[in-house]
Protein chains: 2
Amino acid sequence: MQATPQSLERKSPLHDFLAPNSIAIVGASSDPTKRGYKAMVGLIKDGFKGAIYPINPKADMILGARAYPSLEAIPYGVDLALICTPANTVPGLIELCGKKGIKGAVILASGFKEIGGEGVKLEQQVLDAARAGNVRIIGPNTSGMFNLHQKVNLLALANVKPGNIGFISQSGNMLLSLVLEAEHNGHVGFSTYVGPGNQTDIGFNDYLRYLGEEPNTKVATLYVEGFRDGQRFLNVAREVTARKPVVVYKSGSTEQGKKAASSHTGALAGSYGMTVDLLRQVGVSVVQDSDEILPVAEGLGLMQFARGKRIAVISDGGGQATIASDRLSEAGLEIPELSAATQAKLREVLFPQASVVNPVDVAGSTDANPALLADCMAIAAGDPNIDAVFLVGMFGGYSIRFAEDLLGGEMRGAEAMIELAKHTEKPLVVYSLYAPVKPPALRRLHEEGVPVYPSIEHAVRALAALGERGIYLAGLDAQATGPAIEEDAEMQAMFGRAQNEGRDLFEYEAKSLLRTHGVDVAPEAIVSNPAELGEVAARMGDRPLVMKVVSKDILHKSDAGGVKLNLQGEAALREAFDQIMTSCRAYDPNADIRGVLVTPMARKGTEIIIGVVRDPIFGPVLMFGLGGIFVEILEDVAFRSIPVSREDARSMIDQIKGRKILEGVRGEPPVDKEALVDLLLKVSGIVSAYPQLSELDLNPVIAYPDGYAVVDARIITNRSVASN
Amino acid sequence: MQATPQSLERKSPLHDFLAPNSIAIVGASSDPTKRGYKAMVGLIKDGFKGAIYPINPKADMILGARAYPSLEAIPYGVDLALICTPANTVPGLIELCGKKGIKGAVILASGFKEIGGEGVKLEQQVLDAARAGNVRIIGPNTSGMFNLHQKVNLLALANVKPGNIGFISQSGNMLLSLVLEAEHNGHVGFSTYVGPGNQTDIGFNDYLRYLGEEPNTKVATLYVEGFRDGQRFLNVAREVTARKPVVVYKSGSTEQGKKAASSHTGALAGSYGMTVDLLRQVGVSVVQDSDEILPVAEGLGLMQFARGKRIAVISDGGGQATIASDRLSEAGLEIPELSAATQAKLREVLFPQASVVNPVDVAGSTDANPALLADCMAIAAGDPNIDAVFLVGMFGGYSIRFAEDLLGGEMRGAEAMIELAKHTEKPLVVYSLYAPVKPPALRRLHEEGVPVYPSIEHAVRALAALGERGIYLAGLDAQATGPAIEEDAEMQAMFGRAQNEGRDLFEYEAKSLLRTHGVDVAPEAIVSNPAELGEVAARMGDRPLVMKVVSKDILHKSDAGGVKLNLQGEAALREAFDQIMTSCRAYDPNADIRGVLVTPMARKGTEIIIGVVRDPIFGPVLMFGLGGIFVEILEDVAFRSIPVSREDARSMIDQIKGRKILEGVRGEPPVDKEALVDLLLKVSGIVSAYPQLSELDLNPVIAYPDGYAVVDARIITNRSVASN
């Protein structure tokens with residue numbers, strides 16, 4: 001069992017009212033159908049120890065508590081106001097909260113931003129009143145909140161147990177679903193829940209910080225339909241995941257980004273895949289199926305992390321071991337051969353026909369002595385090649401299926417597993433096909449925090465999340481971003497000129513920016529007068545050259561006849577120059593043609609694409625992929641939030657499906673991955689240094705066994721950010 | 001609700017003993033730990049109406065039934081023998097079964113083929129005795145069988161309900177897992193279960209045929225670790241799926257095919273992906289996660305099929321509608337806009353703020369009247385653009401969450417849904433977050449066979465299986481395979497020569513086989529004497545030509561310098577001829593060089609690969625994929641069992657991820673898909689006509705907007721099949 005995670009320093013202002021000692025209920029009621037009644041019942045039934053102040057001008061007492069006609073009439077201090085009255089009453093009430101010094105208000109009413117028109121205005125009034133009075137707002141249009149350790153259950157949910165899962169959900173039904181699932185399996189509990197509603201004031205990043213600091217929360221779990229300030233969320237998540245697991249389910253996985261994009265990167269950015277990449281970059285455990293939210297949160301909450309992804313499977317036979325192996329492999333987990341010493345120890349306790357390699361199949365050895373499974377788990381946990389132990393089969397059901405007198409052995413086995421869990425850092429995870437029956441041995445494991453799953457698939461998702469988190473944590477030291485790049489005055493001036501002219505950078509300008517900051521860019525010459533071509537030919541040597549038109553008005557150079565390849569010698573350059581000028585003038589007689597760019601042809605190699613966009617939600621984002629069909633057809637790309645660390649850059653390259661091509665196929669040598677990592681770090685640094693850069697496309701970059709060549713570079717300027 | 005599926009004609013011999021009227025239990029016992037005791041208790045407790053004959057030489061009575069010292073001593077006829085005694089007793093017992101005229105025996109003992117050595121011999125003795133005595137064998141090494149409608153429960157499983165799911169499982173634990181899951185959800189039942197064990201005699205295909213014919217089984221469900229005779233299984237499955245759904249979970253999805261393969265097709269064949277493709281080709285519903293077996297079987301058992309994949313989602317708000325949309329889209333299902341008439345009808349019954357497009361969000365309209373959800377479902381079911389209706393949300397939980405007096409409305413809603421299900425052909429599927437609580441309205445739906453799932457993901461898998469099955473059934477009429485190809489005497493002779501010489505076909509031979517049977521192959525000339533090159537140059541015209549060495553000893557022609565491209569005119573041909581001869585003789589001085597092949601260079605187009613292997617389990621299999629990285633890196637290929645239908649051929653092309661390339665990218669025109677379909681049908685026909693053909697690789701075929709070109713053809717001969 002792992003040490004309790006350290007809490008973050010208490011920086012969030014939400015503690016003041018998410019763990020309140022006194023609550024005013026505006027719109028409290030004796031009518032059992034009203035929310036103002038249910039909230040009071042919830043508080044009273046759950047045994048809230050603090051003060052409850054019902055506000056209702058028409059009542060003296062509500063449910064045994066003295067009622068007040070208004071917030072002002074309460075003679076004591078109040079931590080939190082629950083506002084159950086209609087939308088139009090809310091701005092005035094928030095003003096009163098401010099006067100009364102109430103730090104936080106939960107606004108249930110709908111009829112704000114989500115209905116448009118007047119609702120938008122009303123929501124702004126609420127926010128203005130909140131800012132003026134220094135009141136923080138949950139909602140409006142929220143399902144409410146609970147803090148079960150404080151016995152504050154404003155949703156009046158029955159049968160929900162206090163526990164270690166903190167949950168923030170944009171869907172109240174999703175909370176309900178998890179609560180019912182937890183009630184049903186009987187062993188999962190929650191700490192704090194908040195429905196962020198319209199997120200007028202408090203957003204996901206604030207709630208996440210709160211959960212990160214909240215000591216009863218061992219895992220922060222979020223159901224997100226959309227982020228408001230994704231970039232800030234990533235920053236908070238990075239801090240929180242260093243201390244405790246964060247689980248996110250992001251809905252809208254098949255949402256189609258329908259915007260017209262000016263680049264490949266632009267077309268692929270903003271996708272669900274990008275969001276997942278960015279969340280994983282900061283250590284978030286992203287869950288893809290809603291069924292897996294609770295099982296993954298449960299496993300991470302109990303066990304925090306595994307050192308890695310190497311799993312020992314202990315099974316009592318049957319198809320489940322095969323299924324487990326399939327699912328583990330699909331999830332990227334490993335089932336390594338156990339060490340010779342481990343195998344020898346297993347041989348000592350198991351029948352000769354047992355398989356002790358991994359998965360371990362006890363082959364009947366435990367039929368008369370199920371406690372032996374715990375011994376096998378202990379032996380496997382002692383293997384240095386193993387990061388977690390997964391028991392698969394019918395433990396807990398021996399006494400049901402075989403003979404009642406096996407119950408004693410099962411209970412001894414459960415106790416031994418509990419002891420083992422206390423003394424090993426390695427997570428123990430149990431799948432039992434008897435889990436739905438809740439037999440005594442499994443109930444015992446649950447009581448002591450050893451997770452038992454009724455689904456192999458869910459158990460594997462939990463193991464994968466534990467392993468991914470461990471690997472993320474181990475890499476944190478190496479997570480420092482590359483050395484910062486200092487902006488260059490000449491480059492600033494170049495951006496300024498382009499911005500003044502209302503244009504993007506010319507290719508040669510983009511390349512000079514890259515070259516200035518250490519990117520390997522081939523020499524090039526800008527020629528406006530064909531008389532210079534002799535000198536250029538001499539300077540470039542006898543390499544084959546390429547010539548491209550330079551004009552802000554010609555975006556599709558090839559279509560305009562503005563590109564000539566494979567040129568050698570002055571004569572060829574002169575002829576190409578004339579042809580380009582003729583073609584391009586014919587293509588667009590009004591084009592402002594500044595000349596041509598001459599540069600050596602790139603050798604053949606593997607085409608990759610590197611791109612940058614400034615995403616409206618997540619800020620600057622770096623994209624990496626293989627060129628051609630990999631980007632265009634398969635959308636096989638990786639995204640990271642800028643700035644990226646060396647580790648991030650490496651993981652981008654390893655993430656794409658086409659990585660095998662980079663590793664060398666058909667006997668070809670692998671490309672120089674470290675050179676690509678350097679290139680990604682430099683691009684990240686450049687983007688951080690130049691806010692004037694809006695989008696960047698290096699397409700293609702040709703990767704070689706030794707280095708790379710940036711063949712084309714396009715940089716779109718941010719017209720609204722002036723250069724200094 | 002759909003009509004009960006027709007039963008197949010009763011052809012299976014398994015009926016005689018899988019629905020027995022009299023059972024002998026060899027090794028019956030009064031010792032409660034013995035299987036021979038448990039089986040008797042199971043029969044007695046479940047109320048088996050037939051005769052039970054315990055066989056035990058040491059007892060007169062067992063559990064109230066008269067015991068006999070041996071099978072021969074029973075004075076009556078016996079349908080089935082359950083053999084609980086050790087392995088070495090079995091051959092003798094099977095002989096006795098034969099003498100007694102017992103048609104079937106269930107052999108529980110292990111210690112046969114699976115332990116190797118003596119066990120293999122013993123198993124052969126069992127099989128010999130069975131064949132000699134006309135006894136059919138279940139097992140050995142089986143977990144047993146049950147037929148719950150016949151009250152035959154030889155596994156003595158408690159709490160398993162009779163129902164419509166037939167199950168054959170190579171893992172007894174998987175049966176146990178499904179039974180516990182069914183017990184837990186309380187509404188799923190089983191018809192017949194058999195553990196095939198070592199499949200010495202009866203294999204999966206026999207069991208599947210039996211389940212196909214068995215009238216209580218509405219869905220045949222199989223857990224398969226490996227097929228013995230896959231080709232026969234496919235044939236039986238094709239027959240059965242035409243009448244009732246067949247669900248297969250195949251374990252070993254990540255198994256690595258480690259064989260050394262002589263072709264791309266060979267390297268990719270035998271994979272899990274191939275098995276899935278072939279099963280789907282014959283209408284099997286393949287389930288990928290073991291958790292999904294029971295939900296999918298339940299849905300298919302109750303509703304058989306949907307006309308298609310167009311789903312109306314009715315939701316009472318919250319994130320679940322979004323999750324459902326994500327999962328539906330990911331599963332390839334559609335959520336089309338509802339018709340104007342449907343939208344108008346929904347508007348009439350719902351609040352103005354409801355969304356009636358699809359997903360339908362009732363937006364509070366049903367809060368006080370949950371029965372309205374049934375009306376919405378009925379309206380949606382009436383839409384001709386809709387194939388199935390999916391209710392998503394908290395139905396069943398209104399009375400729990402909001403107010404108890406909503407129970408009446410929920411019950412009325414449930415009755416209305418039940419009525420609707422009886423009168424519409426379109427499946428109704430319900431997801432409720434209250435399903436785990438089993439509230440009365442949901443229990444009512446279960447009772448009347450409307451499926452209610454506690455998981456959106458599982459509900460979606462069931463909807464997908466229903467839609468896929470409906471589309472398969474609709475396409476059955478078009479499933480006729482292409483016209484058969486008659487073998488050609490000259491081609492037979494060509495195969496004979498190659499086989500006599502112990503070699504595969506030369507490229508020009510392979511191409512002539514294709515050409516003979518109507519495949520579009522470019523003209524070519526085989527030249528052994530350079531003097532002929534003048535005539536060849538004249539005949540081929542002024543197209544650029546390619547020249548390739550012809551030698552059975554040179555497999556890698558390019559490496560040997562045996563290929564010259566882009567040749568024009570006699571002089572170029574002569575020079576190329578000399579260079580090829582020189583290079584190839586240097587490469588392998590002992591090579592038997594027959595000359596060169598001259599053929600026009602193919603125009604540029606899209607490279608595809610078509611391959612054939614004769615799989616040891618599944619027989620002849622056709623493969624289709626895009627060339628290059630799609631095959632080599634992404635393994636993006638489709639497989640079908642030969643012979644293929646036109647529909648099969650089309651679906652292969654549509655299945656691969658790279659299909660977008662065939663449909664035309666970057667403004668290029670689409671390739672001529674119908675020409676590729678014809679090519680696939682012709683290859684299928686050729687493979688059926690020539691058993692001498694062992695493997696085939698057309699790699700590449702270049703696909704054009706008009707037709708295709710077979711650039712290289714390789715045919716490996718089957719040395720063991722002599723030509724006639």
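Tutor: Let's begin with the open sheet of five strands in chain B, whose order is β2-β1-β5-β6-β7, with parallel pairing. Strands here are DSSP runs of E with at least two residues, helices are runs of H or I with at least four residues, and both are numbered from the N terminus. Two strands pair if DSSP finds at least two bridges between them. At the edges stand β2 (51-55) and β7 (136-138) of chain B; each has a single partner strand, so one side of each is left without a neighbour in the sheet. From one strand to the next, the twist averages 20 degrees (axes are lines fitted to C-alpha atoms, for helices over the stretch in contact, and angles run from 0 to 180 degrees between N-to-C directions).

Now look inside this sheet. Strand β1 (residues 22-26) and strand β5 (residues 80-83) of chain B pair in the parallel sense over four bridges.

A word on the model itself: it is predicted, so local features need pLDDT of at least 70 and side-chain atom pairs count only at pLDDT 80 or more, while totals for chains, interfaces and linings use all residues. Residues are numbered from 1 along each chain as its sequence is written, chains are lettered from A and ligands numbered from 1 in the order in which they are written, and side-chain values use heavy atoms, with hydrogens and water left out.

For a second sheet, turn to chain A. Four strands there form an open sheet in the order β20-β23-β21-β22, and the pairing is antiparallel. Its edge strands are β20 (525-527) and β22 (563-567) of chain A, each pairing on one side only. Here the twist averages 25 degrees from one strand to the next. Three bridges join β21 (residues 545-551) of chain A to β22(A), and A:L545 has A:L567 as its bridge partner in β22(A).

Next, see where the two chains meet. The contact takes 57 residues from chain B and 57 residues from chain A. About 4,600 Å² is buried between them, with carbon and sulfur atoms giving 52%; buried area is the accessible area (1.4 Å probe) that two parts lose on being put together, summed over both. B:N173, B:R401 and B:I633 supply 13% of the area that chain B buries against chain A, more than any other three residues. Two salt bridges are found across this interface, a salt bridge being a side-chain nitrogen of Lys or Arg within 4 Å of a carboxyl oxygen of Asp or Glu. A:R327 forms a salt bridge with B:D289, and their closest N and O atoms are 3.6 Å apart.

Finally, a few backbone details. A cis peptide bond joins A:I642 and A:P643, with omega about 10 degrees, and A:P643 lies in the loop between β26 (637-641) and α23 (646-655) of chain A. The peptide bond from A:N699 to A:P700 is also cis, with omega near 0 degrees; A:P700 lies in strand β27 (residues 693-703) of chain A.

Methods:
Contact means heavy atoms within 4.5 Å.
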